[in-house]
Amino acid sequence: MIGEEKIIALNNATIGYKAKTHSVNVVKSGISVHALKGELVALIGGNGVGKSTLLRTIAGFQPSMGGDVLIRGKQVNAYREKELALIMSFVSTEIIRVPNLSVFDLVSLGRYPHTNWFGKLLDEDRDIVAEAINSVGLKGYENRMVNCISDGERQKAMIARTLAQNTDVIVLDEPTAFLDLSNKYEIVHILHELANEKGKTILFSTHDLTTAIAESDRMWVMLNGSVEQGSPEDLILNGDFASLFQSEHLFFDQEKGDFRIRKQTKRKAIVRGRGLAVDWTIKALERNGFEIIDSANSGDGAAYVKIDVTYPEWTVKEQSQTTKFNSLLSVCRYLKGM
């Protein structure tokens with residue numbers, strides 16, 4: 001049973017880095033967030049807000065500038081390098097393109113914290129590597145060269161390496177960067193299953209808000225003044241996402257759970273019908289600057305268009321004119337020309 005153990009905990013932490021002049025550049029201070037055992041945690045924020053700096057601080061690659069950065073209740077900088085490698089694995093944004101390195105060899109690198117001084121793999125290690133490769137759907141890819149597989153397959157191999165390392169904590173810096181839509185969802189879904197089924201604590205940064213909301217148990221949101229945390233739904237209800245990007249052209253739609261372009265409504269429309277086609281008709285009309293109103297609130301003398309949806313047919317009525325269409329593309333083009 002997954003408990004309430006805080007595997008990662010930051011208490012009033014300050015992150016930053018030392019410049020070449022030996023001065024300290026503080027990126028963010030007063031950070032107090034945590035991640036529990038068996039949670040998939042998504043870290044989101046705008047460009048340059050400090051996501052990578054935060055992840056590298058948690059992974060022990062650069063020191064904290066203040067406060068506590070705890071892994072299993074112990075300061076991360078108090079761990080010896082090999083000791084930390086047995087607890088936490090890290091996947092960076094860098095694309096691995098090493099010639100003559102097979103998928104099996106890449107995944108095998110995860111076993112070296114567990115091997116002897118010579119780094120020799122035992123049969124048990126090879127079995128663990130094979131299981132890791134299979135668990136991310138790369139069975140049959142063992143002998144393929146890393147520089148000859150797709151970006152999505154390469155990212156799966158990197159995740160397999162962390163599985164072979166067999167750590168309780170996995171930290172990934174933008175694992176879905178440069179991937180197509182299908183691979184993005186598949187990678188995050190693999191992470192979700194690893195957290196929920198194997199009890200691993202997984203923290204990853206991403207710009208893909210839709211996927212993060214759909215798959216994450218907890219989210220850390222890096223705002224300009226603070227770092228907020230909670231379930232995706234809590235953050236939506238609290239209005240935290242609305243503060244994520246400040247733009248007069250962009251707003252967060254709390255009902256739809258995503259950012260949308262703010263458009264000036266030019267006309268009004270009443271949409272009647274049932275089913276999925278009605279939902280997508282409304283989306284198409286809103287994209288084209290229509291405000292969707294209820295027939296009861298249309299008002300006397302208001303200029304609006306009525307659209308009856310009986311898929312695969314749309315009937316557009318305005319004043320005394322009625323026109324039928326067999327696609328939303330035709331409907332939108334017609335309305336633009338009216």
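Gly 137 follows helix 4 and has a positive phi, near 80°. The model is predicted.

**Helix 4.** This helix covers residues 123–135, 13 residues in all. Which residues of helix 4 are buried? They are Asp 125, Val 129, Ala 132 and Ile 133. Viewed down the axis of helix 4, the buried residues fall within an arc of 100°, so they line one face of the helix. That set packs against helix 3 (103–108) and helix 5 (151–165). The other side of helix 4 carries exposed residues: Asp 123, Glu 124, Asp 127 and Glu 131.

Four strands make an open sheet, ordered 2-1-4-5, with antiparallel pairing. Strand 2 (24–36) and strand 5 (74–75) are the edges. Each has a single partner strand, so one side of each lacks a neighbour in the sheet. Strand 1 (residues 6–18) pairs with strand 2 in the antiparallel sense, over nine bridges. Within this pairing, Lys 6 stands opposite Leu 36 in strand 2. Helix 1 (residues 51–58) packs on the sheet. It touches strand 1, strand 2 and strand 4 (66–71). The direction of helix 1 makes about 120° with that of strand 1.

**Salt bridges.** The structure holds eleven salt bridges.

| Pair | N to O distance |
|---|---|
| Glu 39 and Arg 218 | 2.8 Å |
| Asp 308 and Lys 317 | 3.3 Å |
| Lys 324 and Glu 313 | 3.7 Å |

Take the salt bridge between Glu 39 and Arg 218. Glu 39 lies in the loop between strand 2 and strand 3 (40–45), and Arg 218 lies in strand 9 (residues 218–222), so the pair ties together parts that are 179 residues apart in sequence. Are Glu 39 and Arg 218 buried or exposed? Both are buried.

Asp 308 bridges to Lys 317. Asp 308 has 16% relative accessibility and therefore counts as buried.

Lys 324 bridges to Glu 313. Lys 324 sits in strand 17 (residues 321–325) and Glu 313 in strand 16 (residues 313–318), so this pair ties together parts that are eleven residues apart in sequence. Lys 324 counts as exposed because its relative accessibility is 52%. Glu 313 is partly exposed, at a relative accessible area of 33%.

Salt bridges also form a network, which links Glu 5, Arg 72 and Asp 168.

**Leu 191.** This residue is found in helix 6 (residues 181–198). Its relative accessible area is 0%, so Leu 191 is buried. What is Leu 191 in contact with, leaving aside its neighbours within four places in sequence? The partners are Leu 40, Ile 159, Leu 172, Pro 175, Ile 202 and Phe 204. Gly 66 lies elsewhere: its C-alpha atom and that of Leu 191 are separated by 30 Å, and the two residues are 125 residues apart along the chain.

Notes:
Residues are numbered from 1 along each chain as its sequence is written. This is a predicted model: local features need pLDDT of at least 70, side-chain atom pairs count only at pLDDT 80 or more; totals for chains, interfaces and linings use all residues. Side-chain values use heavy atoms; hydrogens and water are left out. Helices (H or I, at least four residues) and strands (E, at least two) are DSSP runs, numbered from the N terminus. The expected span of a helix is 1.5 Å times one less than its number of residues. Buried means under 20% relative accessible area, exposed over 50%, partly exposed in between (1.4 Å probe, protein chains only). The arc is that of the directions from the helix axis to the C-beta atoms. Contact means heavy atoms within 4.5 Å. Two strands pair if DSSP finds at least two bridges between them. Axes are lines fitted to C-alpha atoms, for helices over the stretch in contact, and angles run from 0 to 180 degrees between N-to-C directions. A salt bridge is a side-chain nitrogen of Lys or Arg within 4 Å of a carboxyl oxygen of Asp or Glu.
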